[in-house]
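Here is my note on the model you sent. Please read it with the structure open beside you.

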Amino acid sequence: MQQRLRLKADGRIVELRDGQEFPLAPAAQPTGPAEVRDLRRRAHLTQQEFAAKLGVPVETIRNWEQGKRMPRGPARALLTVIAHAPDTVFAALAKT
C-alpha cells in the first residue's frame, strides 16, 4: 500500500489513513546543508540529477548544500515531502 501524504497550509505534513490525518514528525524537515546533502545522497542522485528532478538550477542545490542559502517556502515543503516519500514525489514530478 502506498503512503498518502498531504501538505497542510501551515507547512505541516500529515499522513492520510482511513480518512484521518496523522501528523508526521517535524524533526525530518531538511533545512540545513547536511540535511539537504543527506536527502540527495539517500536518493542516489548527483547534484545535477537532483536539480533536474526538482526543476531548479544546479547552483541552487550547491548553495543549499554549502550553506550559502537555505531552502524556503515551496522548496522547503517539497524537500520535506521528499524526505518522507521520495519515490512518490519523483514519480509525480516526472509526469510534469
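1. **Exposed loop residue.** Asp18 is exposed, at 83% relative accessibility. Buried means under 20% relative accessible area, exposed over 50%, and partly exposed in between (1.4 Å probe, protein chains only). Asp18 belongs to the loop between β2 and β3. Its phi is positive, about 50°, although Asp18 is not a glycine. Most residues other than glycine have a negative phi.

2. **Basis of the note.** This is a predicted model: local features need pLDDT of at least 70, side-chain atom pairs count only at pLDDT 80 or more, and totals for chains, interfaces and linings use all residues. Residues are numbered from 1 along each chain as its sequence is written, and side-chain values use heavy atoms, with hydrogens and water left out.

3. His44 sits in the loop between α1 and α2. With a relative accessible area of 71%, His44 is exposed.

4. **Overall layout.** The protein chain has 5 helices and 3 strands. Helices (H or I, at least four residues) and strands (E, at least two) are DSSP runs, numbered from the N terminus. The order from the N terminus is β-β-β-α-α-α-α-α. Of the 96 residues in the protein chain, 28% are buried.

5. **Contacts and surface.** Take the contacts in the protein chain with a separation of 6 or more: residues 24 or more positions apart account for 47% of them. Contact means heavy atoms within 4.5 Å. The protein chain exposes about 6,400 Å², and carbon and sulfur atoms supply 51% of that. Accessible areas come from the Shrake-Rupley method with a 1.4 Å probe; for residues, only the protein chains shown count as cover.

6. **The aromatic pair.** Which residues form the 1 aromatic pair? They are Phe50 and Phe90: the ring centres are 6.3 Å apart and the planes are at 85°, so the pair is edge-to-face. Rings of Phe, Tyr and Trp (its six-membered ring) pair if their centres lie within 6.5 Å; planes under 30 degrees apart count as stacked, over 60 as edge-to-face and the rest as tilted. Phe50 is in helix α2 (residues 47–54) and Phe90 in helix α5 (residues 86–94), so the pair ties together parts 40 residues apart in sequence. Their C-alpha atoms are 9.7 Å apart.

7. Is Phe50 buried or exposed? Phe50 is buried, with a relative accessible area of 0%. Phe90 is buried as well. Setting aside neighbours within four places in sequence, Phe50 contacts Leu39, Arg40, Leu45, Ile61, Leu79 and Phe90.

8. **The core.** The largest nonpolar core has 16 residues. Such a core is a set of buried Ala, Val, Leu, Ile, Met, Phe, Trp, Tyr and Cys residues joined through side-chain atoms within 4.5 Å. Those with the most contacts inside it are Phe50, Leu54, Ile61, Trp64, Leu79, Ile82 and Phe90. The elements giving two or more residues to this core are α1, α2, α3, α4 and α5.

9. **Helix α4.** The 12 residues of α4 (residues 73–84) should span 16 Å at 1.5 Å a residue, and the end C-alpha atoms are 17 Å apart, which agrees. The expected span is 1.5 Å times one less than the number of residues. The buried residues of α4 are Ala77, Leu79, Thr80, Val81 and Ile82. Their cover includes β1 (5–7), β2 (13–17), α1 (33–42), α2, α3 (58–66) and α5.

10. **Charges over rings.** The charged end of Arg17 sits over the ring of Phe22, 3.9 Å from its centre. Lys53 lies over the face of Phe90, at 5.4 Å from the ring centre. A charge sits over a ring if NZ of Lys or CZ of Arg is within 6 Å of the ring centre and within 35 degrees of the ring normal.

11. **Phe22.** Phe22 lies in strand β3 (residues 20–23). At 28% relative accessibility, Phe22 counts as partly exposed. Not counting residues up to four places away in sequence, Phe22 touches Ile13, Val14, Glu15 and Arg17.

12. **Pro57.** Pro57 is in the loop between α2 and α3. Pro57 is partly exposed, at 47% relative accessibility.
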